[in-house]
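Please look through the model below before reading my notes.

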Amino acid sequence: MGVDFKYISGQPVMDQGVHNVAILSLFTDEGWGGNVFLPVESRIGSDFNKTCKGTITLSRLADIENSAVRALESKLFPQVSAEARNPNGDRLEVNIKIGLGGSLSLNRENALWQAQARNLEAQ
């Protein structure tokens, strides 16, 4: 018995199951057109992606944390907390704790994000 992994740019694709739900909830923009096909209680979309852009200030870090919690709190994720920090320069680190044990770490490093945007295979 074996498992096949799909790799993109040397990174295994890990977007399955509950992890995928969290990623979709965070990174789907509000007003996503596909919501018309979903019942109101199942619609996705948040302001998280938009909130993470721009100048990083103390108030922006608090906004990012609040946005992450709003995006994820649901019947599926009843306990959500987020911590955003700016260790240096244009780097943003967001650690989201889901439930009692799981966590999702998201880092924004400007140069890496720009390089990934140019790599069509990673999108």
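The notes below go from the whole chain to single residues and pairs.

1. Basis of the notes. This is a predicted model, in which local features need pLDDT of at least 70 and side-chain atom pairs count only at pLDDT 80 or more, while totals for chains, interfaces and linings use all residues. Residues are numbered from 1 along each chain as its sequence is written, and side-chain values use heavy atoms, with hydrogens and water left out.

2. Overall layout. The protein chain has four helices and five strands. Helices (H or I, at least four residues) and strands (E, at least two) are DSSP runs, numbered from the N terminus. Along the sequence their order is β-β-α-α-α-β-β-β-α. Of the 123 residues in the protein chain, 27% are buried. Here buried means under 20% relative accessible area, exposed means over 50%, and partly exposed lies in between (1.4 Å probe, protein chains only).

3. Helix α3. This helix covers residues 58-72. Its 15 residues reach 22 Å from first C-alpha to last, close to the 21 Å expected at 1.5 Å a residue. The expected span is 1.5 Å times one less than the number of residues. The buried residues in α3 are Leu61, Ile64, Ser67, Ala68, Val69, Ala71 and Leu72.

4. Isoleucine 64 lies in helix α3 and, at 0% relative accessibility, counts as buried. Its C-alpha atom is separated by 6.7 Å from that of alanine 84, 20 residues apart along the chain. Alanine 62 is also found in α3, but with a relative accessible area of 32% it is partly exposed. The C-alpha atoms of alanine 62 and alanine 82 are separated by 9.3 Å, and these two residues are 20 residues apart along the chain.

5. The aromatic pair. The structure holds one aromatic pair. The rings of phenylalanine 27 and phenylalanine 48 have centres 5.6 Å apart and planes at 80°, so the pair is edge-to-face. The rule is that rings of Phe, Tyr and Trp (its six-membered ring) pair if their centres lie within 6.5 Å; planes under 30 degrees apart count as stacked, over 60 as edge-to-face and the rest as tilted. Phenylalanine 27 lies in helix α1 (residues 18-27) and phenylalanine 48 in helix α2 (residues 48-52), so the pair ties together parts that are 21 residues apart in sequence. Phenylalanine 27 is partly exposed, at 32% relative accessibility, whereas phenylalanine 48 is buried, at 1%.

6. The loop between α1 and α2. Is threonine 28 buried or exposed? Threonine 28 is found in this loop and is buried, because its relative accessible area is 10%. A polar atom of its side chain lies 2.7 Å from the backbone oxygen of leucine 24. Glycine 31 is found in the loop between α1 and α2 as well, and this glycine is exposed, with a relative accessible area of 73%. Between the C-alpha atoms of glycine 31 and serine 46, 15 residues apart along the chain, the separation is 8.4 Å.

7. Glutamate 93. This residue is in strand β4 (residues 91-98). Glutamate 93 counts as buried because its relative accessibility is 15%. Its side chain is joined to that of arginine 91 by a polar contact of 2.7 Å. A polar contact is a pair of N or O atoms within 3.5 Å; within protein, one must be able to donate a hydrogen and the other to accept it, and residues adjacent in sequence count only if both atoms are side-chain atoms.

8. Glutamine 79. This residue is in the loop between α3 and β3 (80-85). Glutamine 79 is partly exposed, with a relative accessible area of 43%. Glutamine 79 and glycine 99 are 20 residues apart in sequence, yet 4.7 Å apart in space, C-alpha to C-alpha.
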